[in-house]
Amino acid sequence: MSKRQKQIHLAAHFPGVNNTTVWSDPAAGSHIEFSSFAHFAKTAERAKFDFLFLAEGLRLREQGGKIYDLDVVGRPDTFTVLAALAAVTDRLGLTGTINSTFNEPYEVARQFASLDHLSGGRSAWNVVTSWDAFTGENFRRGGFLPQEERYSRAEEFLTTANELFDSWYGDEILADQATGTFLRDAKAGAFVHRGRHFDIHGRFNVPRSPQGRPVIFQAGDSDEGREFAASSADAIFSRYATLKEGQAFYTDVKARLAKYGRAHDQLLILPAATFVLGDTDEEAAELAREVRRAQVSGATALKHLEFVWNRDLSSYDPDGPLPDIDPNVSAEHISRGRAQVRMYRDPLAIAREWRELAAANKWSIRDLVIETGNRQNFVGAPATVARTINEFVQADAGDGFILVPHITPGGLDVFADKVVPLLQEQGVFRADYEGTTLRDHLGLTHPDEARTDRVAS
Amino acid sequence: MSSSSSASAPLHLAVALDGTGWHPASWREPVARPRELFTAAYWADLVTEAEHGLIDFVTFEDGLGPQSSHFLEPDERTDQVRGRLDAVLVASRVAPLTRHIGLVPTVVATHTEPFHISKATATLDHVSAGRAGLRVQIDARPNEAAHFGRRTIPRIEAYDSPAAQDLVVDLFDEAADYVEVVRRLWDSWEDDAEIREVATGRFIDRDKLHYIDFEGRHFSVKGPSITPRPPQGQPVVTALAHQTVPYRLVARQADVGYVTPHDTDQARAIVAEIRAEQAVAGRADQPLHVLGDLVVFLDDDQAGARARRERLEALAGEPYTSDARIFTGTPVQLADLLEELAEGGLTGFRLRPAVADHDLPKITRGLVPELQRRGRFRHAYEADTLRGLLGLDRPANRFAAA
């Protein structure tokens, strides 16, 4: 026992619009009504979680030219829900995914600065990018951005937003009723940004917020995405929640920090992780199998196979063998608005591999999709899950986890009630909040501490 | 049927919230809380006070640049409130803390995305269980266009100057398109689209989701929304209008228009013009409220109200002017004036408190009881939604098969 144990960070991802979320469960509630979000947020705050996380999508997914109808469809506006959640929570961080492609820096900076004021310093922004013309059809700009420019725009977007946040220093509002001086500085909020993607100037109209800037998350996995995170983000929302993959990702990204003059602890790695709890490990394993079958209905299995085959497979029996025909590699992809399909870079090879797997194991289409898809990361009795999470964090597979329950809104309750107390007993998770802001929870410094840009006046 | 007033009809009352109040020196009043302007507690206090007074709804001013004493260009004054929080988010922040009052944030059509604003106001409606609206505004300030860098707005002297007409018509036409998109997106999900049919594995009936396929001069939007139809079906659309071009926007697209008559004859003329435009737009049979905007200095005696206004003018160093009529007097006198103006066909009023922390309580604790005594205002909230409070039915979905 030489090294001090790392403290674990925990966050709660509101169940999303993919098949991880089991809407068919009798306990599943609304994905839209505010009461679901309030329940979820209050559970996370009761468990002293660092923050709640909301994803975003700006075009409903389609497959085969039709709106995809097998998963949860529809969600509310990220900012608006987070602002309302600030009213029913007191300490919980409020993290929202906001696209940098189909927004403008002035408006997004206003929204995050406002959210930070309205929550007393609890806002965070997961900066994502997209380029697809499909989503662009809902916006003024349309599909204007070549794929290779999406990170260049995202970086400049974030730089510009930071310039707007920093255009106020925090001491401009004097509001001296006796002398009549409201603003100490007539040019408060002045900014000029001249860049390739944004050429804007004027005055920002939201004074500096409690956190100075929102906490910045990044979720991209490409080499560019990792560099972007290493240079500019406070935390990464990663996909690698297994021990080996998590460690590899952790090592890779942390190693990139030095070239940006950043310290090891200035970027937190927080993989998304699913979980299934039972009274015993055996019970949890059985439950996990049931959840996987609920997540992959026969209809869902066919649709997931279509991601690889890229053709209509609706005539196949999901309980029967895999298709004999090969994937269609020539046409435009059958699925639109879904990042997952980009993972399948060589469909013919995958199809071969899957046919072999299915033959060897006597798997039907549905079996194959269940077995090759995302299994739950943490399955077991509460003590097992608590121990595993702690081991992963101490072994640098991450600095904590963003938990993704499969039931809305109550799927987090059992984790809060059964696992969190064990982590607290082990002294690796806070028993209560020590600070009021999300930066406090995450151990991040306030940007004002590093500010040296003010010209003496 | 147009919503029309009659001698005995109850009036609708809204309160327009803006910083510490509408007088530029309001922040210097002892009762004002200028240091709390950027806190949630401040806005929660004001809206809660309005709800105690059974007010129909509050509006939240907003803008995509600092406030200015010049109409269409920035200033560098340091003696007035500068800076504000995003109005939609302020409204959403107070929604869980209130139960009946309508919440109507300002949105700027000129520089924002109708897709984003449609889902934001739909979400405000979900969060507030049916109390959302929006007040749509154009932005003709060149300096604010430079905050976005996507279009150049030529400098004009005033909205109603002859040289400005082309620009103004264009911005309001765009705003009308914007509201059209927002409204179609609200309807892009039918109410019963979510079916959760376990047998077939279908979460939605996709035949009940609709592409809106809007193609306009300034933007095209495919749809459907990512957010299901809001509880009210269509949240309440409002706009402030001072002349024919914006009256047309009100007549074409709004549920509530705010106008600024200075006497009953003007009110009558404005209402007639809006009703005529409404008929031209083919909406003559649809309810449309026309509310009169007034700035109010309210005190228990008229001398007190006058003294307060003079004190604020002295602090500001100039007489107070406004687009709206400025009332200075007692709640009883204000009730008299509202009844008189209502004769011109107004169905209610949006009051702009000169000093928020003074004049808002005078509205809720002075004017409201006076109007109640006269049988012109509600004694309890009679509906759970803003449409309900305004006597507007929940509309059928335009995309649903009849």
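A residue is called buried if 20 or more other C-beta atoms lie within 10 Å of its own, exposed if 12 or fewer, and partly exposed in between, with C-beta atoms placed from the backbone. Helices (H or I, at least four residues) and strands (E, at least two) are DSSP runs, numbered from the N terminus. Residues are numbered from 1 along each chain as its sequence is written, and chains are lettered from A and ligands numbered from 1 in the order in which they are written. In this predicted model, local features need pLDDT of at least 70 and side-chain atom pairs count only at pLDDT 80 or more, while totals for chains, interfaces and linings use all residues.

Strand 11 of chain A pairs in the parallel sense with strand 6 of chain A over four bridges, and with strand 12 (residues 235-238) of chain A, also parallel, over two bridges. Two strands pair if DSSP finds at least two bridges between them. A:Q218 is the bridge partner of A:V127 and also has A:I236 of strand 12 as a bridge partner. Strand 11, helix 6 and strand 12 of chain A make a right-handed β-α-β unit; right-handed means that, with the strands pointing away from the viewer, the path from the first strand over the helix to the second runs clockwise.

## Strand 13 of chain A

Six of the six residues of strand 13 (residues 268-273) of chain A are buried, so the strand is largely enclosed by the rest of the structure. A:L268, A:L270 and A:A272 point one way, and A:I269, A:P271 and A:A273 the other.

Strand 13 pairs in the parallel sense with strand 12 of chain A over four bridges, among them the one between A:I236 and A:I269. Helix 7 (residues 243-255) of chain A lies between these strands in a right-handed β-α-β unit. Strand 13 is also joined by two bridges to strand 17 (residues 400-403) of chain A, which runs parallel to it; here A:A273 has A:L403 as its bridge partner.

## Helix 5 of chain A

At 1.5 Å a residue, the 16 residues of helix 5 (residues 150-165) of chain A should span 22 Å, and the end C-alpha atoms are 22 Å apart, which agrees. The expected span is 1.5 Å times one less than the number of residues.

The buried residues of helix 5 include A:A154, A:F157, A:L158, A:A161 and A:L164, together with the charged residues A:R150, A:R153 and A:E155. The buried residues of this helix pack against helix 3 (105-118), strand 6 (123-128), strand 9 (190-194), strand 11 (215-218) and helix 6 (223-232) of chain A. Contact means that C-beta atoms, placed from the backbone, lie within 7 Å.

## Nonpolar cores

The largest nonpolar core has 239 residues, and those with the most contacts inside it are A:L52, A:F217, A:L403 and B:V58. Such a core is a set of buried Ala, Val, Leu, Ile, Met, Phe, Trp, Tyr and Cys residues joined through C-beta atoms within 7 Å. Helix 5 (residues 165-186) of chain B gives the largest share of this core, 11 residues. A second, separate core of 14 residues includes A:L305, A:L313, A:A351 and A:V369.

## Contact between the chains

In the model, 62 residues of chain A are in contact with 62 residues of chain B. Elements giving two or more residues to the chain A side include helix 2 (78-88), strand 10 (199-203) and helix 9 (298-309) of chain A. By class, this side has 31 nonpolar, 17 polar and 14 charged residues. Ala, Val, Leu, Ile, Met, Phe, Trp, Tyr, Cys and Pro count as nonpolar, Asp, Glu, Lys and Arg as charged, and the others, Gly among them, as polar.

## Backbone exceptions

Most residues other than glycine have a negative phi, and most peptide bonds are trans. A cis peptide bond joins A:T408 and A:P409, with omega about -5 degrees; A:P409 lies in the loop between strand 17 and helix 13 (413-425) of chain A. The bond from B:G223 to B:P224 is also cis, with omega near -10 degrees.

A:N310 has a phi near 55 degrees and, with 21 C-beta neighbours inside 10 Å, counts as buried. B:R196 has a positive phi of about 45 degrees but, with 12 C-beta neighbours inside 10 Å, counts as exposed.

Technical notes:
Contact = placed C-beta atoms within 7 Å.
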